[in-house]
Amino acid sequence: MRIEWLRDHPRHIDALAAAHVEAFGRLLPDWTVAQAAEELRSHSQARAIPTTLLALDDAGDWLGSVSLLQEDHQDIRQYSPWLASLYVRPETRGQGVGAALAARGVAEAGALGVRELYLYCTPALVAWYRARGWREHAQVTLGPLHVQVMAIECTGEA
């Protein structure tokens, strides 16, 4: 597995957008695949915010992704920037792809001078993130979901 910038693999944008809407669409019921794809296309720079990283297998097929964003939801703008949209294809879960993507996202944020990075997740995922160095920061309600905002201090290495 290797982790590379989505901007270098635009052929995966449409499939990734569809996966994101399916996985995260409950929070934004009017969000479309076309809107998700447009947002991903805007992640055209490496080592910048916003950006998206892809985990790829040896054949170049995508296994998962993670984004760095300035804002991840309009109701929680007081926290920024965000590790967002961590997604691993169901058939590749449990193989370390998510952990590798999360770690790389934190390292990239640190390399950009970010001191503290945030994410939000459902309560079921808190222990998974805590095991990777994240800490609980706040509990909030976003639409129909009660979520945990988590934070991590970044280092300056990518």
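**Close-up views of a predicted model**

View 1. Six of the seven residues of strand β4 (residues 82–88) are buried, so the strand is mostly covered, where buried means under 20% relative accessible area, exposed over 50% and partly exposed in between (1.4 Å probe, protein chains only). Helices (H or I, at least four residues) and strands (E, at least two) are DSSP runs, numbered from the N terminus. β4 pairs with strand β3 (residues 62–69) in the antiparallel sense, over five bridges. Two strands pair if DSSP finds at least two bridges between them. Leu68 stands opposite Leu83 of β4.

The model is predicted: local features need pLDDT of at least 70, side-chain atom pairs count only at pLDDT 80 or more, and totals for chains, interfaces and linings use all residues. Residues are numbered from 1 along each chain as its sequence is written, and side-chain values use heavy atoms, with hydrogens and water left out.

View 2. Helix α3 (residues 97–111) has 15 residues. From first C-alpha to last, α3 reaches 21 Å, close to the 21 Å expected at 1.5 Å a residue; the expected span is 1.5 Å times one less than the number of residues. Its buried residues include Val97, Leu101, Val106 and Ala109. Glu108 also lies in α3. Glu108 counts as buried because its relative accessibility is 1%. Its side chain makes a polar contact of 2.7 Å with that of Arg104. Such a contact is a pair of N or O atoms within 3.5 Å; within protein, one must be able to donate a hydrogen and the other to accept it, and residues adjacent in sequence count only if both atoms are side-chain atoms. Gly113 follows α3, with a positive phi near 90 degrees.

**View 3. The β6–β7 hairpin.** Strands β6 (residues 135–142) and β7 (residues 145–153) run antiparallel, joined by seven bridges. Arg135 has Ala151 of β7 as its bridge partner. Two residues separate the strands of this hairpin. In the turn, Gly143 has a positive phi of about 55 degrees.

**View 4. Lining of the largest pocket.** The lining of the largest pocket has 38 residues; Ala23, Phe24, Ser85, Leu86 and Tyr120 lie nearest its centre. On a 1 Å grid over the protein atoms alone, a pocket is an open set of points where a 1.4 Å probe fits, with protein on both sides within 12 Å along at least five of seven lines; lining residues have an atom within 4 Å of a point. β4 gives the largest share of the lining, six residues.
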